Structures are given as structure tokens and as C-alpha cells.
Amino acid sequence: MALWLAAACLALVLSSAPLQASTPASADCLQQFLEQLGWRFSRSSGADPQYHRGQPCTRASLAEAQDLGDLRLAIPDHYDEAQRRELLRELLEDPASICAYAFQLGDASRRAAARLEGNPGYRFSALQLGWIGFGPRGAAQQGWQRFRSFGRGYRPAAGNAAALDAFYVGHVRSECGVGRQVAQLATQRELYGDAGFDQEFSADELSIGTFLTLHGTASILLGSSAGEFLADGKAVRTSEMGRQAFMGAPGFIEHVFDRSYLDDINNQAENFVVVDVSEAAAQALAMHGGFAHYDRVNRRVWELARQMPGHARRRFERLLYERDPRLRAALPAQYRPLLEQIDALLADPFYQGFVVYVHPRGTRPVGYHIARLLDRNPRTPYAFELALHNLHTTLYRRWVEHRLQQCAGGDAGPSRAMQEPPLQR
């Protein structure tokens, strides 16, 4: 437990600007919010608070965490209002609180992915005019304002939630990088609700476009409002914490060899947002220390696949993921040992239980993407990477501030007190 908490504290370091400096909430408001987050409180005759944080990041659900006794705190009877406030403010920054928040983040991420995946009008096309294509209706009619040419930058024009509806129910085309941005923003919409999403963020903070474009905006993803990033590219620290620490996290599956080895430039990478991680997948990641082990497995799968005959359309997707019985039966006998080796490698729980949303492929386990990319770019293996994100730092603090303002009946305007300048990259 001590090692787990140490890893959690390291992975989820909050900025030096504490929540208590900007939040006027009473002890009752703080306790009400923390109870909604998942904490259970009791009274104690002892001199000091009695914590039982447990391991909520390793649980399948908040209900399971609570059933197993996680997220409990006994507050001494003799604590007055000021002492309770200080104790509960500190609890907001506790790694266990961020794990409790991750349950809500995961639910929001899954709702967002389902809405995006359920819109047949949101497509990917190499033939679109510009980086993002809003079709015949144009950007303005679907709630967006262009601020860079060739579709490289847009911001909401008249309401944040209304703008996201273009991707939920409208007709839009984009590549998967924008798809990842939209999924990240849609997760915040689902987390806040439409009214809160409109209230909390400025239009510029919800800019979409090329990743380079975002750096010159107030984007909450990569711009001046992003604040403090968590950098854990190979998911070493995140894997130590447990499955819920991955919820909503952005990442990508990227070609290992240089661009000269790409046959399909439109599939050079798969940008994703994590929507679910099974218990077995989380245990496998923890045991192997993150993504680096699976990069090596990907390389071995690729080496074995290179020895397989044939060039049928979607051959490896059908052979390895769909497990097409006719295609597998037609494989010459001398190649079946190769297939058995690949099957054994991809049977690892990580490939089956680490589930991501990728536009326009939808929500699927990463094993699907590895099989598919063997077809699209057969001359290079692929590797996994988590992108820089601020889900557990700046965006967590802003959400807490928003919720506490609601309880305290404070200013309804966007909260800026918990933002910090972005770290140098």
C-alpha cells in the first residue's frame, strides 16, 4: 500500500496553487462534494483522523471500491469547523480522491465515445477540403468559427455544447487526431453537463485543429489553459496506479520505422482515448511495467506476420481479430505454427482488455488495431504511447472548483483561479 500511494502521489502531483486558496466552500460543502465523489465519513473519538484510502484505482467500479472498504475517513469529534475545512480541503488533493474522480471520468469518456461512434455523419476522408471538413452546410451552420485557413483551426461560435453537437449528430469529416481532440472535449462535456460545459470554458479553450495550431491558442488540451501536464508516455506510473488511472487518457499507436516505410500515410498512427481497461489487462500492464513490453510484443507479431503468405484485403484483420474460420482453414499447413505463435502473443489480456476509442474505427481493443495496421502498413511495426494530458491536474482542479462553486452559490462565471502557465515541453 505504501508503494502504491507513493507511486500515486508521484504520478498525480498537483500544482503549488492549492485548491484552498481559491475555494470559499464551507466544511459542509466540501464534505457533500467528497461524498458525491465516493468518500464515506464517520466520527471518531480519536485524536487524529483515521484514513482508509484503499486502492480505488484498481477497482472495476466505485460501488466495488466502497464495498471493499475504500474511500473512508473518520473525523475526530473534537474538530471544529476550521479544522474540518482544512482536513477536507487536503482530502481534495489526495490521490485516492483523484482515483474516485476517475470513475466519473471513465463514465464520461464512454458516453462521449458512444455518442461520437453513433453518428454516421462523422466520418474520415482523405478527400475532404481542409484538415476539418464541415461539408455543404459549412462550419458556421454547425456552430464553429474558423480562425485558421485550410480547416486547420476552429473554435465554438455560439455555445460550447451546441458546437460539439456537430460531431454528435452533424456532418463532419476529420482525421483521427482531431477525432481524439473531439473525444477529449466531449468527455468534459459529459462530465460537466451541457450547462456547466458552456459556463466553465471559453470558446478559445475548446479550439480544435492541427496539434501545432492548438499550441497557439488557449486550448485546455495543449494551449495556454492546459496548465500542468502529466508526462507518462510508456504508462509506467499509470500502470502502477491501476486501471482507473487510464480513464479518458489520450494516446496514440505510432509507426516505429520512419515515413519511408509507410504504404498508407492516412494510417501512419491511430490517435485514441482510453475508455476501458479490464482487470486482467491492468494486471498485465502492472506486471510488465507499462507499454514498453508490448512494443516488443508488437515487433515480434510484425516479424512473424512478415513470414505469412498472401495479400488479401483486410487479411490480418480477418485472420487475427475476426478469426475468419475459412481464411484460417485455407492457410497452408506449413504456416500454421506461425499463426499459433501470433495468436498466443495477441491472447495477452492487454490486447483484449485495453479498450480505446479511435475515430472512425470506434471503440475496440488495441489488439484490433495492431492486426489492422499489419494490413495498412506492413513494412513497419507499431508502438503505444500515452500523450501529455492534464486530466488529473488542471482539469481535475477546474472541475472541483466548478462543483464547489455550485455548492457555495458562488460566481457562475468560468473559474480561472486554478489555472497555471503550461509547463515547458
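Biologist: Why is the disulfide of Cys57 and Cys99 called left-handed?

Modeller: In this predicted model, the torsion about the S-S bond of Cys57 and Cys99 is about -100°, so the disulfide is left-handed. The pair links distant parts of the chain, 42 residues apart. Cys57 lies in the loop between strand S2 (50–52) and helix H3 (62–67), and Cys99 lies in helix H5.

Biologist: What makes Cys57 and Cys99 a disulfide?

Modeller: The S to S distance of Cys57 and Cys99 is 2.0 Å. A disulfide requires cysteine sulfur atoms within 2.5 Å, and therefore the pair qualifies. Both Cys57 and Cys99 are buried.

Biologist: How many disulfides does a search of the whole structure find?

Modeller: The search finds 2 disulfides. Besides the link of Cys57 to Cys99, a disulfide joins Cys29 to Cys407, again with S to S 2.0 Å. Cys29 is in helix H2 (residues 27–37) and Cys407 is in helix H19 (residues 394–408), so that distant parts of the chain, 378 residues apart, are linked. The link of Cys29 and Cys407 is left-handed, with -95° about the S-S bond.

Biologist: Which pattern do the disulfides of the protein chain follow?

Modeller: With bonded cysteines counted along the chain, the pattern is 1-4, 2-3.

Biologist: Why is Cys29 called buried?

Modeller: The relative accessible area of Cys29 is 10%. Buried means under 20%, and therefore Cys29 is buried.

Biologist: What makes Cys407 partly exposed?

Modeller: Cys407 has a relative accessible area of 27%.

Biologist: How do you know whether Cys176 counts as buried or exposed?

Modeller: Cys176 has 5% relative accessibility. Because the limit for buried is under 20%, Cys176 counts as buried.

Biologist: Where is the place of Ser109, and is Ser109 buried or exposed?

Modeller: Ser109 is in helix H5 (residues 95–117). Its relative accessible area is 2%, which is under 20%, and therefore Ser109 is buried.

Biologist: What lies 3.3 Å from a polar atom of the side chain of Ser109?

Modeller: The backbone oxygen of Val274 lies at that distance from the Ser109 side-chain atom. A polar contact requires N or O atoms within 3.5 Å, and 3.3 Å meets this limit.

Biologist: Which residues does Ser109 touch, not counting residues up to four places away in sequence?

Modeller: Ser109 touches Thr187, Gly248, Val273, Val274 and Val275.

Conventions: Residues numbered from 1 in each chain as written. Predicted model: local features only at pLDDT ≥ 70, side-chain atom pairs only at ≥ 80, totals over all residues. Heavy atoms only, no water. Helix = DSSP H or I, 4+ residues; strand = E, 2+ residues; numbered from the N terminus. Buried < 20%, exposed > 50% of the residue type's maximum accessible area, 1.4 Å probe, protein only. Polar contact = N/O pair within 3.5 Å; in protein donor to acceptor, adjacent residues only side chain to side chain. Contact = heavy atoms within 4.5 Å.
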